[in-house]
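I opened the model and kept notes as I went.

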Amino acid sequence: MSNQDRFTRRVFLSRSVAAVGAGIALPYVIPSWVLAAPGRPGANERLRIGHIGVGGMGSGHLNYVKTHPQLAQSVALADVDQNRLKKAAELVGGSPRLYSDFRQLLELKDVDAVIIATPDHWHAVHTIMACEAGKDVYCEKPACCTIAEGRAMVNAAKRFDRIIQIGSQGRSTTAAYYACCYLRNGRVGKVSKVACWHYENPTGATNPDTAPPPELDYDMWLGPLRWRPYNKDCVHGNFRWLLESGGGQIRDRGAHVMSVALYLMNSDHTGPATIEATGAPPEKGLYECPPQMEVIYTFKNPDWVMYWSQPGQFPEEAKDLGNNKYGAKYWGDTGALVVSGGDGGTDTEKKAKEYHVPIDGVRPYRSPGHHEDFFNCIRTREQPIMNIEGAHRTASLCILGNVAWRLGRKLNWDPVAEKVIGDEQANLMLYRPGRQTWHL
Amino acid sequence: MIMRSNWKSVGVGVAVAVAWIGSGLVAVQAASEAEVTDFLARIQSDQGATRVDAIIKAGPMGAAAVVPLGQVAGGDNREASIAAQRALRNIAAYAGRPEAEAGQRKAVAEALTRILDQQYSKVTRCLALDLLSITGNDAVVPKIDALLHDSDGDVADEARRSLEGIPGSASLKALIDGAGKAQGRLRLAIFTSLGQRAAPEAAEVLIAATESPDTEVVLEALDALARIGIAKDDRVKMPSWDGLNESQQARMANSWLRWADQRAVKGAVEDALEVYRMVFDNAQSEHLICAALIGAAKAAPEPAFEYVVRALGRDENTVRMVAVRILEQSPGDDAKIGKLLDAYRNAKPDTRELIIRVLNAWNSKKLAL
């Protein structure tokens, strides 16, 4: 508590004591029992987690919870693939409740929060329905597949006052924090250019369409995604390489790299003014994202430009950094800084790691760790480091990059209204009707 | 000559001619028949680079290329099929440019309706429906509407999605008519489309649906009506609360709150407050109480104040924290300070702590000013 707070509190207390009588003890700190309540965990109680999607990324979350039993426990699992569900149950041990239909998991009263690790096209519906069921949510990145989805997720969180953390865990790394301190305290001057680099999109998927395997409920796997025939090259982790379900590297790892960029640039509540994209489609196979791609975003007030480049220009400074197959270089008028990675393995240059923020300097919020941050915020009801508004803005960059590419033209964007200016067709692509009864 | 020898069927060539003649492109500058023929050959090339070049340059081929591409998209040549689908996307995108010639988008949309017939593959038909959702207009709605009755449930649902996406009154009317005629899951899906469109014109058919003996039909209709935010109507039949299972009760409560939010937006604050008060006083789930508090504070801060103060004394931490945040963000005047101090007198220790926090926040704001 600052001295200012203490002063005003004493001033106020004298008035309030006069109003209600003397001798009332008023503690400064809210005791932990205040934070515990019927149906909500206290400060020292483990959170009870339901997991929706227990495959690739999902098993990573299961492992995290399992190795942090003091923080949380996995009490229920849901997946549309019976083999994955069985494997996940073995990983968790004990007897978690198992469901093919996530809606049954959401009905459980003894689940405090859910961790969603399903393909991107499910993120919005799962998150919104979880909020409507009263659950706090940790959802994998990118937050959403369309602008409308992201805004609906933000609205659901606000309607029910739910905590949502999106899985752009780069923001919670020490390196990202150091880089943020370095930039926000003006160590490179005014940043005018952010140049992202990332390796190419994969190509391929030449296997024929077939009937889905018996262990997979393909109808539920598709969910809100428009119908397409089953192809084993396009489900589970490979959903990433089709534009509608995954959106390619720009939406997959771009959600990490650009999330760190918006964090460093303190731009979580805004968006670009223009977006242009180029790239040739792949020569064969079902994967449809351009192997090489270049997207240019211009931002206004302050003015800066961001480039998303596959493969892009590998900066010399990244040579000795960890996780350097992708990242971004921040160019200011007095210097530059490289931040490699953007996900859990984010790294940055020594000068940022050794920088000491002065007493009166800018100190951004520092996350204790991405899962820990989420668990803490469930209790304090404060916004986590990758809250849904910021995550929606990050995903919007990825989405608009793909829309610009798909339409083959420059988009002029109004980040306040969240509309493309003067392009009706582009605006129609900001929302897509859900399949069957799956809706926002 | 080498390109022509790559044709898999003479039918494609015929289709090109017919499409070009029938495309109605007299008033729109169109690719010539020869250009389209050459383009089709490149789309079907064995060389990936040639196919990619054709895809990139597909846009100006326009409506004349749509039908033959539709045939290739459903053919046995896998890579040619994929290339044809990508080319169709580019043609739709090109026709939708802001600077496109008048009629170009309409011509492409009309051409896309020609590959909705059952002679085309399911993949082709579904792709065409998807592209029509971003190029379509009133004129093409009847052909899409017809597919609401398609024997393939996936195609029928894609037709519904397409109608939901096409702006304008014709698509809305088709959905409204469909809501009255469709059965099963498609009918429920049409209700969700009407809810997403939030069009008041859909109210009558949805109100009628609340008479259904099928609880799912009623709940989906109620959700759509909530999104529209219709005025109170005695014809809306609510299912018996005790007859619903817990999950259905939760959906119903969510629809009530959604309706209240919509009524507030429309200025019918009393309607909204009635629901918020009911939820606040009766709901067992903390998240519903939070939603009621948030909605009430937004719709009518003054009348909601009493409920927000009462919420400070509730057991649920989330509800208390919502109340604190609402109060901290609101302007504190002398009357409100007095009411908070009144509440303080009889409050539990933890509630007193929260009241102090709010009063401090108001004090700080005053000092800052």
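**Entry 1: a core residue.** I started at L293(B). Leaving out residues up to four places away in sequence, I found L293(B) touching F280(B), Y307(B), V308(B), A311(B), V319(B), V322(B), A323(B) and I326(B). I then looked up the core around it. L293(B) is among the residues with the most contacts inside the largest nonpolar core, alongside M153(A), A179(A), V66(B) and I91(B). That core has 246 residues. In general, nonpolar side chains of soluble globular proteins tend to be buried together.

**Entry 2: confidence.** I noted that this is a predicted model. Its scores are ipTM 0.92 and pTM 0.91. For chain B I read a mean pLDDT of 91, with 92% of residues at 70 or more. Residues 1-14 of chain B fall below 50, yet this stretch has 20 contacts in the model beyond near neighbours in sequence. I also marked residues 17-27 of chain B, where pLDDT stays under 50.

**Entry 3: chain B overall.** I counted 20 helices and zero strands in chain B. Its C-alpha trace spans about 95 × 55 × 35 Å along the principal axes. The radius of gyration is 29 Å, whereas a compact globule of 369 residues would come out near 21 Å. Of the 369 residues, 51% count as buried. I checked contacts between residues at least 6 apart in sequence: 66% of them join residues at least 24 apart.

**Entry 4: one helix.** I picked α3 of chain B, residues 48-56. Its buried residues include R51(B), V52(B), A54(B) and I55(B). Why do the buried residues of α3(B) line one face of the helix? Seen down the axis of α3(B), they fall within an arc of 160 degrees, so they share one face. I recalled the general rule: an α-helix has 3.6 residues a turn, so residues three or four places apart point the same way. I then looked for what covers the buried residues of α3(B), and found α2 (33-43) and α5 (78-95) of chain B among the elements there.

**Entry 5: the contact between chains.** How many residues does each chain bring to the contact? I get 47 from chain A and 61 from chain B. On the chain A side, α1 (3-20), α2 (32-35), α7 (147-160), α14 (388-407) and α15 (424-428) each supply at least two residues. The largest share, six residues, comes from α1(A). By class, I logged 21 nonpolar, 10 polar and 16 charged residues on that side of chain A.

Notes. Residues are numbered from 1 along each chain as its sequence is written. Chains are lettered from A and ligands numbered from 1 in the order in which they are written. This is a predicted model: local features need pLDDT of at least 70, side-chain atom pairs count only at pLDDT 80 or more; totals for chains, interfaces and linings use all residues. A nonpolar core is a set of buried Ala, Val, Leu, Ile, Met, Phe, Trp, Tyr and Cys residues joined through C-beta atoms within 7 Å. A residue is buried if 20 or more other C-beta atoms lie within 10 Å of its own, exposed if 12 or fewer, and partly exposed in between; C-beta atoms are placed from the backbone. Two residues are in contact if their C-beta atoms, placed from the backbone, lie within 7 Å. Helices (H or I, at least four residues) and strands (E, at least two) are DSSP runs, numbered from the N terminus. Ala, Val, Leu, Ile, Met, Phe, Trp, Tyr, Cys and Pro count as nonpolar, Asp, Glu, Lys and Arg as charged, and the others, Gly among them, as polar. pLDDT is the predictor's confidence in each residue, from 0 to 100. The radius of gyration is taken over C-alpha atoms; the globule rule is 2.2 Å times the number of residues to the power 0.38. The arc is that of the directions from the helix axis to the C-beta atoms.
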